[in-house]
Amino acid sequence: MLIAFNKPFNVLCQFTDRSEPPRRTLAEFGLPPRVYAAGRLDYDSEGLLLLTDDGALANRLTDPRHKQPKTYWVQVEGTPTDEQLDRLRRGVALNDGPTRPARVEPLEPVPTLWPRDPPVRFRKSVPDAWLSMTITEGRNRQVRRMTAAVGLPTLRLVRVAMGDTRLGDLAPGAWRAL
């Protein structure tokens, strides 16, 4: 079984949480029993999360050796320059080593997404922009660290595709069997 789920902002990619107070988890979304997240999506990120009951499939979807592309729509603070975009495209040096090159393009027009709760902070004096960014790794907070490394802090991060599976019009908190 393979499920596409639109993970809302501030939801953990697991079914339990031992923190006090407990955070929101996948348990509240009526997912089928015995499925688990194939990979991670940070607590403060949104979008496509694949879940499966098949361990071998989960490994194929998430193991970096398979170089499964993951595409994100990234709202960044600032107006990206050609130099910043080229640095992301070539790969960025992070404290845990250089990243693989990323496919990066400005998103124009700005994507139409569901409202986020709480909303992204808005500052009249600081412009923002949206990028489409595809990576083939899955390091911890990688996209956020890459954009920060080139001077474009991430404000909002939405995964829209993993491999051939796209989020499409799936609403936050909704899921579909694939």
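These questions and answers walk through a predicted model of one protein.

Me: How many helices and strands are in the protein, and in what order do the elements run from the N terminus on?
Reply: The model has three helices and 11 strands. From the N terminus, the order is β-β-β-α-β-α-β-β-β-β-α-β-β-β.

Me: What radius of gyration does the protein have, and what does the globule rule give for 178 residues?
Reply: The two values are close, so the protein is as compact as a globular protein of that length. Its C-alpha atoms fill a box of roughly 45 × 35 × 35 Å along the principal axes. The radius of gyration is 16 Å, and the rule gives 16 Å.

Me: How far apart are the mean positions of the positive and negative charges?
Reply: The protein exposes about 9,600 Å², with 52% of it from carbon and sulfur atoms. It carries 27 positive and 21 negative charges. Their mean positions are apart by 3 Å.

Me: Is glutamine 142 buried or exposed?
Reply: Glutamine 142 is found in helix H3, residues 142–149. Buried means under 20% relative accessible area. Glutamine 142 has 2%, so it counts as buried.

Me: Which backbone atom does the side chain of glutamine 142 reach?
Reply: Leaving out residues up to four places away in sequence, glutamine 142 touches Thr99, Ile135 and Glu137. Its side chain also reaches, at 3.1 Å, the backbone nitrogen of arginine 139.

Me: Where is proline 118, and what is omega of the peptide bond that joins it to aspartate 117?
Reply: Most peptide bonds are trans. The bond between aspartate 117 and proline 118 is cis. Proline 118 sits in the loop between strand E7 (103–106) and strand E8 (128–135). Omega is about 0°.

Me: Where is proline 21, which a cis bond joins to glutamate 20?
Reply: The bond from glutamate 20 to proline 21 has omega near -10°. Proline 21 lies in the loop between strand E1 (2–7) and strand E2 (36–37).

Me: What is phi of arginine 141, and where is this residue found?
Reply: Most residues other than glycine have a negative phi. Arginine 141 has a positive value. Arginine 141 is partly exposed at 32% relative accessible area.

Terms used. Residues numbered from 1 in each chain as written. Predicted model: local features only at pLDDT ≥ 70, side-chain atom pairs only at ≥ 80, totals over all residues. Heavy atoms only, no water. Helix = DSSP H or I, 4+ residues; strand = E, 2+ residues; numbered from the N terminus. Buried < 20%, exposed > 50% of the residue type's maximum accessible area, 1.4 Å probe, protein only. Polar contact = N/O pair within 3.5 Å; in protein donor to acceptor, adjacent residues only side chain to side chain. Contact = heavy atoms within 4.5 Å. Rg over C-alpha atoms; globule rule 2.2 N^0.38 Å. Areas by Shrake-Rupley, 256 points an atom, 1.4 Å probe, with all protein chains shown as cover. Lys, Arg positive; Asp, Glu negative; His and termini not counted. Charge placed at Lys NZ, Arg CZ, Asp CG, Glu CD.
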